[in-house]
Amino acid sequence: MAAELLKIEHLQKSYDSHVVLKNLSLFVDEGEVLVVVGPSGCGKSTLLRCINALEPVQGGRILLRGRDIHENEKNLPKLRQQIGMVFQSYELFPHKNIMDNIILAPIIVQKRKREEARQEAMELLARVGLENRANDFPRQLSGGQKQRVAIVRSLIMHPELLLFDEVTAALDPEMVREVLDVLLDLARQGRTMIIVTHEMQFARAVADRVVFLDKGKIVEESAPEAFFSRPQTERARRFLDTFSFETVRKSG
Amino acid sequence: MPDLGLEVLWKGRNFVRLLGGLWTALRISLLAVSISIPLGMLLGMLMTRNNLVLVVLTRFYLEFIRVMPQMVLLFLVFFGTTRWFGWNLDGELSSVIVFSLWGTAEMGDLVRGALISIPAQQTESAAALGMTRPQILRHIVLPQTLRRLIPLSINLITRMIKTTSLVLMIGVVEMLKVSQQIIEANRMSSPNAAFGVYLTVFLLYFLACWPISLLSKTLEKRWS
């Protein structure tokens, strides 16, 4: 039985009067890949932002290894080192080259030696096939390459939990694959991850468990095979239907 | 070659006086710039605060300085302070004050613009890596702000140098005033001197501003 890494209890989140997450409870076990799907505006990105304490919450608790992340605001930088987050828009630092983007946080946050950080950065870059781009600037890279660098940048902090917020949503179709392959590779290594995505085929392949979110509530939570082939709720069925098309012209 | 009356420049110490006038202009603008930049930074940071009183005050200051022609500001400070407070500011000090007030306003607006142009997600992604607020400011926000700011503030410096041509109106003898004196003094002997002297003035302004523009271009290219 794997240990529970993250536990969310009765999370309540609203912007002014607009309620985004309603009494949401969820857990993630160590080594588990949780995929969150749902229509746009359902609160999936907000959920990730809450887990990383980028958003204040109005109620409930988020526990990482049993410790409330909002227990002490001073502890946030420390806590965020344990949680890696990759954003839809990559957010590499444009004034630094690829290597410096990756080793900045290890050096200034974790006080690691520059040489040691560089070495690990090179190893990680090689793993995502970008070892020869270390001295380039973000503007010289394609979207897919930038996103792979962003993943490396959070991996080098050795986080216990990785959050992926629609990391392929801003990419051209042919670049989606190269990023998803990196995520699949991470799943194989047994990393704990929460992935928000619109790529249903990928979700099915990578997930240990799928959570379907609608209007700030968990509508359905099941194993990927069960969710994608036999969704329990009408709402999930309708959502999944939007990803499939009827054949228009029958041949013969 | 048409007669440009260039010979007046070599009469007596005329050319040296012209250079002296240029130095006066540069002195005023450089002093004002070195006052405006730190004050403008401060103003710009205040303007991005979410404080209604600060926003109204800084906005009012900025708009007031903007709508006022620099000449009016010069008159207000030079003559106005004498009349209202009995101060006897000399022309050059008044000019430095006016150019600093103006520079601070413009610089403040540039800083404000540069600060808000850094997307919030940059801060968030740095925070997600575990950086503290001061670390984010120092390593992520400020370096990007400065890179955006330097070409813009260099542009402001050249505008200031050119605008010093107004300070002759409050009796400061800068380059333009010297050139007028030279032309007046030689009206009879070299009636065409205006062409040559103003051409020289044009070249001197150009030589003062061009290297600054080049520097801005270089920096812009390096940091784009």
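Let me begin with a term: by a polar contact I mean a pair of N or O atoms within 3.5 Å, where, within protein, one of them must be able to donate a hydrogen and the other to accept it. With that in hand, and bearing in mind that what we have on the screen is a predicted model, I can say that the rule finds 6 residue pairs in polar contact across the interface of chain B and chain A, with both partners at pLDDT 80 or more.

On the side of chain B that touches chain A, the elements that give two or more residues are helix H5, residues 120-128, and helix H6, residues 133-163, both of chain B. Of these, H5(B) gives the most to that side, with 7 residues. If we sort the residues on that side of chain B by type, they divide into 7 nonpolar, 9 polar and 2 charged.

Now for the extent of the interface. Here 18 residues of chain B are in contact with 24 residues of chain A, and the area buried between the chains is about 1,800 Å², of which carbon and sulfur atoms give 61%. On the chain B side, the residues that lose the most area to chain A are B:Glu124, B:Ala128 and B:Leu129, which together make up 31% of what that side buries.

Let me turn to the nonpolar cores. The largest of them has 102 residues, and those with the most contacts inside it are A:Ile51, A:Phe164, A:Ile194 and B:Met131. Helix H6 of chain A, residues 173-188, gives the most to this core, with 8 residues. To take one residue as an example, and leaving aside residues up to four places away in sequence, A:Ile194 touches a set of residues including A:Leu6, A:Val28, A:Leu48, A:Ile51 and A:Phe164. There is also a second, separate core of 44 residues, which includes B:Leu26, B:Leu43, B:Ile212 and B:Leu219.

Why is B:Leu142 classed as partly exposed? Because its relative accessible area is 39%, and partly exposed covers what falls between the limits of under 20% for buried and over 50% for exposed. As for its position, the C-alpha atoms of B:Leu142 and B:Thr58 are separated by 21 Å, the two residues being 84 residues apart along the chain.

Terms used
Residues numbered from 1 in each chain as written. Chains lettered and ligands numbered in written order. Predicted model: local features only at pLDDT ≥ 70, side-chain atom pairs only at ≥ 80, totals over all residues. Heavy atoms only, no water. Contact = heavy atoms within 4.5 Å. Buried area = accessible area lost by both parts, 1.4 Å probe. Polar contact = N/O pair within 3.5 Å; in protein donor to acceptor, adjacent residues only side chain to side chain. Helix = DSSP H or I, 4+ residues; strand = E, 2+ residues; numbered from the N terminus. Nonpolar A, V, L, I, M, F, W, Y, C, P; charged D, E, K, R; others polar. Core = buried A, V, L, I, M, F, W, Y, C linked by side-chain atoms within 4.5 Å. Buried < 20%, exposed > 50% of the residue type's maximum accessible area, 1.4 Å probe, protein only.
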